[in-house]
Every structure is written in C-alpha cells, then in structure tokens.
There are 4 protein chains.
Amino acid sequence: MKLGMVGLGKMGHNLVMNLLRHNHEVAAYDMNPEAVSRVAEHGAIPVASLEQLVATLEPPRIIWIMVPAGAALQSVISTLTPLLDANDIVIDGGNSHYKNSVELADQLAKSGIHFFDVGTSGGIEGAEQGGCFMIGGDEAVFRIIEPIFQDIAVKNGYMYTGNPGSGHFLKMVHNGIEYGMMQAIAEGFEVLDKSQYDYNYEDVAKVWSNGSVIRSWLMELIQDAFSKDPKLEGIRGVMQSSGEGKWTVETALELQASAPVIAMSLFMRYRSLEDDTFHGKVVAALRNEFGGHAVESSK
Amino acid sequence: MKLGMVGLGKMGHNLVMNLLRHNHEVAAYDMNPEAVSRVAEHGAIPVASLEQLVATLEPPRIIWIMVPAGAALQSVISTLTPLLDANDIVIDGGNSHYKNSVELADQLAKSGIHFFDVGTSGGIEGAEQGGCFMIGGDEAVFRIIEPIFQDIAVKNGYMYTGNPGSGHFLKMVHNGIEYGMMQAIAEGFEVLDKSQYDYNYEDVAKVWSNGSVIRSWLMELIQDAFSKDPKLEGIRGVMQSSGEGKWTVETALELQASAPVIAMSLFMRYRSLEDDTFHGKVVAALRNEFGGHAVESSK
Amino acid sequence: MKLGMVGLGKMGHNLVMNLLRHNHEVAAYDMNPEAVSRVAEHGAIPVASLEQLVATLEPPRIIWIMVPAGAALQSVISTLTPLLDANDIVIDGGNSHYKNSVELADQLAKSGIHFFDVGTSGGIEGAEQGGCFMIGGDEAVFRIIEPIFQDIAVKNGYMYTGNPGSGHFLKMVHNGIEYGMMQAIAEGFEVLDKSQYDYNYEDVAKVWSNGSVIRSWLMELIQDAFSKDPKLEGIRGVMQSSGEGKWTVETALELQASAPVIAMSLFMRYRSLEDDTFHGKVVAALRNEFGGHAVESSK
Amino acid sequence: MKLGMVGLGKMGHNLVMNLLRHNHEVAAYDMNPEAVSRVAEHGAIPVASLEQLVATLEPPRIIWIMVPAGAALQSVISTLTPLLDANDIVIDGGNSHYKNSVELADQLAKSGIHFFDVGTSGGIEGAEQGGCFMIGGDEAVFRIIEPIFQDIAVKNGYMYTGNPGSGHFLKMVHNGIEYGMMQAIAEGFEVLDKSQYDYNYEDVAKVWSNGSVIRSWLMELIQDAFSKDPKLEGIRGVMQSSGEGKWTVETALELQASAPVIAMSLFMRYRSLEDDTFHGKVVAALRNEFGGHAVESSK
C-alpha cells in the first residue's frame, strides 16, 4: 500500500524501514531534512512539508504519525486536518493518552476523517524487525489498513481492539505491566547482589531465559546488558519514566482497582530521581526527637 | 547414566520420563507403589524401598530426591545416609530453603557424600520436556553429573551456581521475581476488566505474547487459561503460595534490600485468603468514630 | 460576627452550634427545612432560600458553605454569585479539590467577591467542640474573618495557609496522612489478631494512648470503638473513601513524589470493596497452568 | 520498693531518675563507672559489679535490665543467673525479640527465677517523665511489682499483657505502627515540599497538632524539629532502623497477615541507606536495551 509517515525519530525511522522491506510505498516527512534523506536512501519518497505529503498521496490517504504525544501530535493534526479529505485515514502510533485519542477521533470525525490509535510495542528493534500493534478505531475501515499490520507485525502481533482509545488504553496497561515486570526482575537481581553468593549475572539471566517460568524478552535483554557490563558498574540507577506507568496508576485510581505492584514500581522510579528526600529528613528528625538517635548532616 | 529417583509426584514423574527419553537408566522409588508402576511401564527400574534403591545402584551412586521440602526431605536423607558410601551423590531437586541446603551439605559431607541443591523451574511441563536447573555444590563433582543436566534441560537451561545453597537461593529469588511478574500481569488485566472497554482477554494475551516488550512464558500461559475460560468466571481469586516468595521477602529484609514489588505481590496473596480482614474492621470503625461514616454489618 | 451558613448536615449543623455558643449571629439555610428548624431552636436565624440568606446579611456579607464538594457546591456558588456584592466573602468549608478552589477564587474575583477555601478537620465532634481549620485566600481579608476561627477552633487550631487552594491542598495532604496512619494502626491490630497472644484490644489501645510514641487521637478513637465491640465482630471490614486520599496519591504522581504508604492505604481500601478480584483469578489461573496447582471454583 | 538497674544508657539513666523521684531505692550498675556516678549523685546506690548488685538487694530481688537486646542482654542474664535465688525477679526492659523473651523466661524458670519482658515506649523523655510499659510474665508475680509501674508510667500507661513474650510482642507491633505513622507523616510533608505552595512547616505541624484527626505526639515532635530547622536542611534523610519494624514484617509474613504499609515504611528506610541501587541499574539498563533510552553514567 501507499502511505505517509510523519516523524522519523528512532521509532518512525525503523517503521519506515520495516514498511519498505515489505514493499509498501512510503512518503516520509520529518522537520529534520536529514532524517528524511536517511529513509529516502532506502527507497522512501522524501517530502518537505505536510502539504507536500498530502499532495503526494491519493485519497483515501493513509498517514501514520509517529511524533511525541501531546503538543507535537496536536500540532501535526491541526496542520493536517484542513488539508485532508473525508475518508482519509490518520494513525497515531505514538504514546498518547487514550483520552486524547478519544478526543482526536471525535475531532477528526467532524471532517469525515478516520482516526486510529495504535499502541506500538517491541522497542526500536521491533519497529524495524516486527513489532506488536494494538489498534483502536472503526472496524470496517481497519480492514482496509490491516494488510499494513500483517506485514510490519510479527506473527499474531497485531490486534484490532475496538473503539477509538482502546488501542492506546491497552498499550498504557501493557506499559504498566512492563513497569511491574522490570521492577520484579530488578529486585531479584538486587537481592542476588546483596547476597553472600557471587553469581555471574549474565549466566543467571541466560539460565532464567531458557526453560524457566520467568523466561521473557526482558530477561533476554538484561542478559545482553550484563554481557556488556557484568555488574552494571557504568550505569547509574536513575529510572526515568515516560508517562504510561503513571497513567496506568491514575487509571487504576479512577477505576478503584488495586494496583500495588505497578504503583510501587513507579514510586521506586520517582525515588531514584532524588539524591536525598524530604520524607527521609522527616523520619530522621522524628527518630532524633523521641529517641535521641543521631542524624546525619546533609552534605 | 544410571541414577535413582526418590519421589514420583508431578515433578518427579515427569523428570523420570525426561531422563528415560534421553536413555538414562532410572531406578525409581515412591511411597506409593502405583507411582512406581507408572514409570516402570515406561522403562524405569522399579524399587520398593530406599534400601533396594541403594542396592540397585553401584557406587558412586547418584540419587535425585524430589519430595516436599522440610520433613519429607529430612526423613529421606536420614534414612539414606547410613546406606550410602563416601563419594555417592545426593541431589535435592525440591523447593528447599537454601539455608537447609547448606546444612544438608555440611551434614552429608561428614560421611563423604556429595550434595547438590538443584533449583528446578519450568513447571511440570518443563520437567518432562526440558526444564531449567540451578545447581549448587562441589564444582569438580558437578562435572560428573553434568551430562544429566545437558539432557534434561532445554538448551542453555542449566547453570552451575557455586557453593551449596546457591542453587536453591537462586531458585528462591527466581520465584520472588515470578510472584512480582504474575502480580504485574494480573493487575494489568484487572485494570482492563474494570475499564470501559470490552477486550477479548485471550486475544490480548496473544498479541502481548507476540512482539511486545512484555512477551513471556507467563503471558502465553494466561492466554491458554483465557482460551479455556474467557473471563475466568469459574475460578476464585484465591492466591496460594508455597514458600519461596515469602523466603525472598525474608531474605530481602535480612539483606536490607528494598523489594516492594515482591513484598506487595505476597501481601496481596495473603489478602486473597481472607473474606474479611481485621485491619478493614479497624479502619471502618475509625471512620465511624470520627466522621460518623456508616459501617457495614458483618454477615 | 454575623454570618450565613449554607448546608446543615452533620458538619454544618455542628459548626452552627459552635458559632452560636461563641455568640456569633448565624443565618442558616439548608434545602431541608427540618435541618433549619433544628438550628433555629438554638438561636440561629432561619432562612428559607439563598436569596433570603443574602437579604438577611449586610454587606460585606460572610457566607460559609458546607455542602458536598463538586456539583452541590458549584450549584450554590452559581446561585449566590449574582446575589452578592463586591467585597462579600464566601467560604468553602467542604472537602473540595484544591484545583476547584483555585478556579472558584478566580471566578468569584471577577465579581469582586473574596473566596476562602477552608479545610476542616477534627470530625463531627471537632466541628462542634473546636476543630482544626486550614484557610487559603487573601491575607488582608482573612484578618477580617479571623475572629470567627479564633472562636470555633481549638487553641492554635487554625492557620492562614496562603493563596487560594492552599487551604484545601493542606487538608488533602492531611487526609492522605490520615489514611496512612489509620492503615498502620489497623495493620498492627491485624498482626495482634493473628498472633498466638490473646490481647484485650481496648486495653491495648488504652495503654498505647498513654505515654507511648504512637499516642494519637486515632488511637483514642479505636479505644472507644473496642469498648463498644471488643473484637469488632459486628463490623465488616469494608473501607470506603471520600476522595482526598485518592487526590493525595494523584498529586504525588503529578509531583513525582514517592508516597508508597499513602498509596497502599488507598489500594487496601479499594481491595476491601471486593469479595473477589480479577487479579486473583489471573494469578490462580497462572499457578494452575505452570504448576498444576488446584484452583478454587468461584461460588 | 527497692530494685536494681543494670544498664545506665539514655533509657536506663532516665528510668532511674524516674524511680528515684518516686522514692524507690535503686541500686544502679553499668560497665561505665561514670554512668553509675551520675545517678549516684541523685541518690541511687552505686554498685561496681553484678555480684555487688545482687549482694545489695534482699531476696526476693527485683532487677531491671536495660541493655541492648541480644548478646549484651544474654551476657548479663548468664552472669546473674547463678547469683540469684528462686523467686527473684528479672525484668528485661530493652527492645528484645519476643521469641528471645519466651526462651529467657523458660531458661530462668528452671532456677525458679521470674522473668518479665517489658516493652517500653515514650522515648527518652517518657523514661524520665512517665512512659508506657507493656508487661508480659506471671500475673500473680506481676502484682508484686505493679507499684513500680504505677509510679513510673503515665496515668493508664502500663498494661499486663499476658504470658512471657507478650510484652515485647506488643512493643514490637507498636513499633511497626510507629514506622507506618512516621512514614505517612513524612510522605505528607514530602508532597507539601514538592507542591506549588510555600507552607511554614512548623505552623503546619502546629495546626495539625491541635484539633485535627491526625493530632499525635509524633506531630508535636516534628513541630519541635521544624522549630529548630524550618526545612530540615541540616539533616540528611538517612533513615536507620533498630529491628522492631523488621520483626513486625517478619511476623506478619509468618502469620500470613497483610502489612503493606509497615513493610513499605521499612523498605523506604532501607532504600534511604543507599546512594544508588542495583535494582535501579537493572531498570535503567533494560530501558536502554529495548527503547534506546539514555542511561546516566555512574559517578
């Protein structure tokens, strides 16, 4: 099929490569011309603006947007909307909040434009080699674009999830699970690291990746990481987060669902961003007040 | 090789089948004669007592014990010890506490008997088709029995872990991670289940098993479970536990390691064993005391 | 001083009694005429509508609103606004979200009306006998109404907290702490209740209320509760919540603050609302899949 | 009454001062002669050895031991036992594990010596001015020593708790609650500290100490702390712990009681002891592996 790609960062670039490998025609745009040139070398049609992108495609157009959620996405959508025709198809493949996807679907529906919110998993490697896609939007229209997903996903790696928002909702929960699984694995290695035993962590991750109950892609990935830095001595344990874990906890609160593991995963990430904490100061001060326990001076 | 197997429950039976398939000679014993007959039909040498088992094997003997940790294991070891010769090899493949393994190794060393603590993962399917084995004990002696593990493990699915206790310690931590991963997955589905969307959970588990960051054997297993009971309506959410998760948390406490996710996984299991809680009554009573909030009467 | 009170529920009623005892003139309104009659018997000026309330007071009027946060509050404010004059003073003493207070302050400022968000603690007893008040709004105007708080608060029991929203923000965090303290106390009694010892819980709460590090009003309240029902056998452990705990966790997420204890207090409340859980079903199903562990059938 | 005190640290010293003020005769011993001199100046009978202490008292002797739990306590008990007579009374007022108290009671019972495990709360101030005491041991013998507790406890501040071990068990759970309450308060101030508002924390603690639902001694203590250092800038948030919180969590695990708040309080303390964490490194490494997210280099 022929489609446009807006946004050629790590994920967008690799999706284009994936699409090209499967003989799709891709008109590619990015604010950064070098990013456009890089995919053009591999066969993508370079375009220099959203206007040109729209002009390059024939109705009904298919445009996949792969830009940061929030302001960047809104800006692209706002520019595109007046340029598009009814029955054109817009795909948001980024990490948008599902409520934003519901709003965008409603907004574009006023112009007769079909919107799909596509949660994308599998990392940057998956984007190129075959990823996992969770797709919300109109079911009948989905059947038109389904061949794209058949090609770029791994086998059984895409799912039509239902109404608009359901794709990004499912991706959000996926990431919540991911936070919990990562923290579980990380706590396990922390216990090993504080233990009396001197395990080779690469070997541990390797044996756990083969035949064990906890075998998983994340375990294979940490094996790779240990193969490069056996004790991760070069890495500081600062755990950033990009939003979906927080959204999952917020959603759990809204739905009155207990999600202690996902929440604790997130709080440990927040804790890791700080060298010292105010709550720690309060507890230390209290212990000093009632028990005369010495406090450490701040540096 | 020729070895003895003591304990022919779900795991022991399947290990014998795995060993026989790889052309090992297995003398098999269980307190239950029917369990012995079942493996004898597939080629195991049936023995009727631990004495007969020892008599059937030639020194240096290899005896794999696959009975419940604790009293059952201790009983088998106590009976076996005087029957064995120096340089015989005893393997504990059950879910023993690693401190118990350290003690057993010391105890058997007094008689010159070599002890291995083997943590076994992969479930009952893995025991038969190829599992994951974490093996603590003397390294030189390990090389003698290594061919067994080469056969019964999946590729790269066994690891010599070091001193006695290190095998069961690693298995314990593996199970701690398992608790956390399971709870993370479970919380994700709980959020889905309380959401406005109506996902087919089998399809969700399937798409997450293919190409996603959270692909894992556990995700494949829950796909199987949903294929049999799409909303798990027939299952009550009572989460039993068999010890290793608790030991992991206890070990984290000993080592002053933060393990919030593993601990919360365990506490949610304990919570699930109760229909009502005393802590809930206390909070409800307090809300009534200060705010006049109504309480529900107990049934 | 002379002021109006809108909303004569448990809290509003008791605040009026408190004000009357301190010789303030209170014009009292509630949608329920009986609630108005009850305070009129004690000397309040009964009014039958918001219009009459405004007519009864002289500019600059002081009107304290004690109705449920959200729609009820918004409705009262919307009706009152066109009736009021510049320099009139509106107090929201309910459990409003602080962001709503910021909005209301801005909205009323357009009409020159001063708004105060007053977080109220101390329970229904405190409302009548002397409570705790956290007051956000314009500082100069606050000095006008300060005598009210000097009378109705316990000694040192009120605080001017700063800009609009700061009163309800502080009350929100107060409630978050309250959730954590209540759950901590409750977990302690749960451990006692599962222990080998047979403590008299009223005595325990009593001794802990006298001289211990954990002495607190909550401990005194649970002593009262145990005096009425020694094992709380008549109470079901269903823990409702009214919003502020959830808001505190949401705010912690926004601010990237670690708040594991407050969050877990809330999640245990949510858990208590359910007889069975979907996450429990998932974990039970997984244990069955890999280990053949039996599941309990749902009832 | 006449009694002996062994151990004149912060707690023991203050208990002696408390006893002397109530006209008890106290023979006081400490390994440090200066500690003995200090209390002798206030009227205690100085003794230079455990032998002299025993000789100074008449049977049935009452000896209160206030030394660190574990080895120090065991050493004092071992030295004292052969010196004592049947019906002498030994009190352990330290923070011993309740299981140790059960053992000591059994051990001393063989010599006919009565043992009491006394959990002491109220901090160093309470030890002198009136504390809170939880007392396990033989009930009939307790009535003999009860007058001591009537004097040194605040009103209603002592409780006979039952069999040996029940005093320290109750104190252990008290401390578990204390951990949870402290962390709850601390998290609240952390949220304030990260908020857009600029509260005076001393004023906040003061208003919360007067009339609020969360009024408590801990809140008064943090008010004192803020009065000395308004933002606790001089204190590092390192949260040490002395054992009872950990024991409470271990006991919860044994009893299959859910104690998420107490457990998380403890884990945040452990976390605060580290500048960086291995679990953080693992999560950061994983994010880099699958998403190409940058890691921070360790310093």
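**Note on chain contacts, ring pairs and salt bridges**

1. Start with the contact between chains D and B. Chain D brings 21 residues and chain B brings 20 residues. Here, contact means heavy atoms within 4.5 Å. The model is predicted: local features need pLDDT of at least 70, side-chain atom pairs count only at pLDDT 80 or more, and totals for chains, interfaces and linings use all residues. Residues are numbered from 1 along each chain as its sequence is written, chains are lettered from A in the order in which they are written, and side-chain values use heavy atoms, with hydrogens and water left out.

2. How much area do chain D and chain B bury between them? About 1800 Å², with 73% of it on carbon and sulfur atoms. Buried area is the accessible area (1.4 Å probe) that two parts lose on being put together, summed over both. Chain D and chain B have 0 salt bridges between them. A salt bridge puts a side-chain nitrogen of Lys or Arg within 4 Å of a carboxyl oxygen of Asp or Glu.

3. Three helices of chain D each supply at least two residues of the side that touches chain B: helix 11 (244-255), helix 12 (260-272) and helix 13 (278-291). Helices (H or I, at least four residues) and strands (E, at least two) are DSSP runs, numbered from the N terminus. Helix 12 of chain D gives the most to this side, with 7 residues. The side of chain D that touches chain B holds 14 nonpolar, 3 polar and 4 charged residues. Ala, Val, Leu, Ile, Met, Phe, Trp, Tyr, Cys and Pro count as nonpolar, Asp, Glu, Lys and Arg as charged, and the others, Gly among them, as polar.

4. Now the rings. Over all chains there are 76 aromatic pairs. Rings of Phe, Tyr and Trp (its six-membered ring) pair if their centres lie within 6.5 Å; planes under 30 degrees apart are stacked, over 60 edge-to-face, and the rest tilted. Phe169(C) and Tyr197(D) form a tilted pair, 5.3 Å centre to centre, with 55 degrees between the planes. This pair joins two chains, because Phe169(C) lies in helix 8 (residues 166-194) of chain C and Tyr197(D) in the loop between helix 8 (166-194) and helix 9 (201-208) of chain D.

5. Are Phe169(C) and Tyr197(D) buried or exposed? Phe169(C) is buried at 1% relative accessibility, and Tyr197(D) is buried at 9%. Buried means under 20% relative accessible area, exposed over 50%, partly exposed in between (1.4 Å probe, protein chains only).

6. Phe267(C) and Tyr270(C) both lie in helix 12 (residues 260-272) of chain C, 3 residues apart, about one turn of the helix. Both are buried. In chain A, ring pairs link Trp64(A), Phe133(A), Phe142(A), Phe149(A), Tyr158(A) and Tyr160(A) into a cluster.

7. In one, Glu58(B) meets Lys2(B), with the closest N and O atoms 3.3 Å apart. The two residues are 56 residues apart, and the pair links distant parts of the chain. Glu58(B) is partly exposed at 49%, and so is Lys2(B) at 24%.

8. Asp276(C) and Arg236(B) form a salt bridge at 3.7 Å, N to O. Asp276(C) belongs to chain C and Arg236(B) to chain B, so the pair joins two chains. Arg236(B) is buried at 11% relative accessibility.

9. In chain D, Arg236(D) forms a salt bridge with Asp275(D), with closest N and O atoms 3.1 Å apart. The pair ties together parts that are 39 residues apart in sequence.
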